[in-house]
Each structure stands twice: as structure tokens, then as C-alpha cells.
Amino acid sequence: MIEQPTRWPRLRRYALRTVVAFVAVVAVLIGAAFAATTVLHIPSPPTLLRLTTTPPSNQGELFPSRTVAASPTPRPLPVATAPLPATVPWRGSRISVAQFLDTTHTNSFLVLRGGALTHEWYRDGIEATTRHSSWSVAKSVVSLLTGRAIDAGKLREDDRLVDILPELATGGEYDTITIRDLLDMTSGVDVAENYNKYMPLTGTARMYLTEDLAGFVHSHRGLRFIPGSAGEYRSVDTQLLGMALAKVERLPLGELLQRDIWGPIGAQDDALWNLDRAGGQEKAFCCLNATARDFAKIGRLVLDGGRAGDAQIVPPAWLDRIRIPAPHQVGDWRYGAQWWHPTGGNDQEISAVGVYGQYIYVDPLSGTVIVKLSDHGTTQDEQETVDVFRAIAWS
């Protein structure tokens with residue numbers, strides 16, 4: 001009875017010291033994590049943690065952005081509702097469109113025929129005014145801006161990248177990269193297409209996270225092959241293209257898009273283009289966040305030969321450039337000037353495609369534009385999805 005009062009204070013002191021030591025260790029680890037992300041120029045640990053739990057369609061909300069203002073004279077899409085086919089092809093069988101949308105984790109699905117909105121569908125919790133992350137669909141928008149700059153004489157496909165961005169010069173083969181190489185993804189720049197959110201320090205995943213895009217491209221000037229000699233899909237090519245475009249236009253990409261395309265097509269809602277850091281530069285290879293309806297207007301612009309109303313927005317010559325696949329293939333589909341040419345169609349259709357199931361599909365022969373924005377797997381079911389679009393376009 002005498003030892004008990006003595007033992008409990010000793011145990012309490014031991015427990016207190018253990019808790020204090022544990023808290024100190026945790027504090028050191030957290031401090032180290034924050035210090036590491038600062039040194040690596042990537043978002044803080046809380047943001048990285050949120051990225052692992054946020055759907056791809058919403059990840060744009062986690063980064064700084066530049067607003068692309070809605071048009072001062074918005075043009076709502078005309079509506080001419082028409083039924084979809086009862087079933088569509090899917091993996092050797094037929095399923096309903098509703099099953100297709102559910103299977104591919106679709107958030108928004110729009111069909112335009114002859115410039116009019118014939119079908120519009122949104123998942124529960126999504127509205128017409130909901131902005132979606134576009135991922136690599138943004139590459140195709142950069143292409144349209146590039147075509148305008150080339151038509152205006154501000155840029156040429158034969159221009160060397162380092163003549164526009166001399167800070168990237170190496171004195172080696174890298175210096176031979178041209179705007180054409182970047183457009184057709186034949187630069188050979190060695191930045192792997194890694195989308196793994198659990199391995200965020202390599203390749204495209206690191207470029208997506210970096211808060212210093214200028215520093216990133218400067219430190220990634222190694223080559224996998226001689227520029228122009230082969231093709232390989234690399235998001236870094238579009239980033240370099242966007243940086244060169246912003247330099248010759250003397251405007252950030254978001255402001256350029258607002259002035260030259262977003263306003264003229266009558267975009268109804270503000271878009272957001274994610275930046276590497278507050279006040280920084282756009283992630284040109286991805287990360288234009290907009291509504292399905294306004295993405296559909298981009299598709300209609302391409303379908304209509306680059307015209308919006310009475311105005312020629314994108315030069316017809318540039319649309320011809322987009323429709324001709326580049327000599328070097330960069331994947332299972334042909335590719336040209338940042339637009340895909342899906343296999344098995346009529347040789348006229350083209351598509352903007354983003355990882356996780358983002359599409360702006362354009363079929364001139366049937367006069368169809370289809371927008372599908374999703375949270376599907378990385379590069380999953382792309383051929384099967386386009387086969388569904390074809391079935392809808394020709395129904």
C-alpha cells in the first residue's frame with residue numbers, strides 16, 4: 001500500500017515522456033515532409049494527400065488557376081432533341097447507352113448533330129455549369145491557338161524551340177527541336193508518361209505537380225531519339241509548345257484563349273486553366289477546366305471549318321493540318337498536330353482525348369460532335385468508346 005502512490009506517478013511521467021517524444025518525432029517528420037516538398041517545388045503534403053482521394057475530374061480545384069472569362073456575348077447551343085440508339089457495341093456484345101455511361105464512369109455526355117444539342121446527360125451531382133478537368137483535351141486546344149499564331153506569321157513550324165526560348169539551348173541535338181516536332185510529338189524529349197499519383201516524383205506526374213515548370217523543362221533536356229526521327233507520345237512536348245506560344249504571343253495561354261477562341265465562340269461559362277503556382281504559367285499539356293457545353297463549342301468550331309457565326313476563328317489551312325496524320329505514329333492511333341485519328345473509322349473523324357476518359361469527338365461526315373467527360377481508368381477502353389461514338393453518329 002505504500003509503493004502504489006510512488007509507482008503511478010512514475011508511470012505517468014514515463015507515459016508523458018513517451019507521448020512528448022512521439023509528438024516530437026511526428027513534428028520532425030511533418031516538418032521534413034514540408035521541407036522536402038518545398039525543395040522539390042511540389043505542393044505541400046496536405047495537397048498531395050488530397051490528390052490521392054480527389055476524383056480526376058475535380059483535381060483542378062486543388063491548384064492555382066487563371067480564369068478564362070466567359071464570352072461577353074455568350075451563344076447557347078441550339079437544342080433539337082433526338083433519341084439515341086437503343087443499344088451500342090461494347091466488347092463483343094450490345095449494351096444500352098445508360099450501361100455504357102455507367103461502365104465508363106461518365107460525368108457528362110453531350111451529342112451535337114448539325115450544330116444542335118440533340119442529347120445532354122449528367123451524372124447525379126453534376127450540372128450543366130459544372131467545370132471538369134480536361135486533362136489532355138487541353139493539348140488539342142493549344143493546337144488551335146498555335147494554328148492561329150502560325151497563320152498570323154508569329155510562329156512557323158520550322159522554327160527551332162531554342163530560338164524562341166534560348167534559355168533551353170544545350171549546344172547539342174536538343175537544339176534542333178522544331179515547333180513541328182512538338183506538334184507531332186517527335187521531339188524525343190525524355191519525360192516518361194507516368195500518371196501514377198502514388199509515384200509523383202517522375203515523368204509527367206512530376207511535371208503535373210511542379211510549381212516551377214520553367215525549371216522542370218530546363219532540367220529535362222535529355223533525348224530518347226534524334227528529334228524528328230520517330231514519334232512518341234510525350235506531354236512535355238505540349239508544355240514546351242505552350243511556353244513557346246505564350247512567348248511569341250506575349251500573353252499567358254489563358255488570356256490568349258479568352259481573346260482568340262473562348263470569347264469568339266460564345267463560351268457561356270468561365271473556364272479555369274491551372275498554373276504551376278499562383279501568378280505562374282499554364283500547364284499547357286493538361287488542366288483546362290470547363291463545362292461540357294463549352295467543350296462542345298470547341299468541337300463545333302472544328303466541325304464548322306474553324307468558323308463561329310460569321311467569324312473565321314481558326315484558319316482553314318490549320319484544320320487541314322490537323323486532319324492529316326503525322327508520318328510517325330505515337331500510339332495505337334495516328335496523330336497529327338495534337339489531335340488523334342482513331343483507328344477503324346472513315347478517315348475523316350478526329351478526337352481530342354484526355355486520360356481518365358475525356359473526349360471531344362468530331363465526325364465531319366455525319367456532322368456529329370460528342371463530348372464525354374469521365375473518371376474512368378487511365379487510357380482505358382478508348383477504342384471501344386470511340387466505337388460507341390461511331391454507332392451514335394451513324395444511327
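Contact here means heavy atoms within 4.5 Å, and helices (H or I, at least four residues) are DSSP runs numbered from the N terminus. The model is predicted, so local features need pLDDT of at least 70 and side-chain atom pairs count only at pLDDT 80 or more, while totals for chains, interfaces and linings use all residues. Residues are numbered from 1 along each chain as its sequence is written, and side-chain values use heavy atoms, with hydrogens and water left out.

Start with helix H9 (residues 235-249) and helix H10 (residues 253-262), which pack at an angle of about 70° with their axes 10 Å apart. That makes H9 roughly perpendicular to H10, a label covering 65 to 115 degrees. Axes are lines fitted to C-alpha atoms over the stretch in contact, and angles run from 0 to 180 degrees between N-to-C directions. From H9, Gly242, Leu245, Ala246 and Glu249 meet Leu253, Leu256 and Arg259 of H10. By class, this contact has 4 nonpolar, 1 polar and 2 charged residues.

H9 also crosses helix H4 (residues 137-151), at roughly 35°, and the two axes come within 10 Å. On the H4 side the contact is made by Lys139, Val142, Leu145, Thr146 and Ala149; on the H9 side, by Ser235, Thr238, Leu241, Gly242, Leu245 and Glu249. These residues divide into 5 nonpolar, 4 polar and 2 charged.

A cavity is a set of points on a 1 Å grid over the protein atoms alone where a 1.4 Å probe fits but cannot get out. The count comes to 1 cavity of 30 Å³ or more. Lining residues have an atom within 4 Å of a point; for the largest cavity they are Arg334, His341, Pro342, Gly345, Asn346, Asp347, Gln348 and Glu349. This lining has 1 nonpolar, 4 polar and 3 charged residues.

Conventions: Helix = DSSP H or I, 4+ residues; strand = E, 2+ residues; numbered from the N terminus. Parallel < 35°, antiparallel > 145°, perpendicular 65-115°, else oblique. Nonpolar A, V, L, I, M, F, W, Y, C, P; charged D, E, K, R; others polar. 1 Å grid on protein atoms, 1.4 Å probe; cavity = no way out; pocket = protein on both sides within 12 Å on 5 of 7 lines; lining within 4 Å. Points joined across faces, edges and corners; volume = space filled by probe spheres on them.
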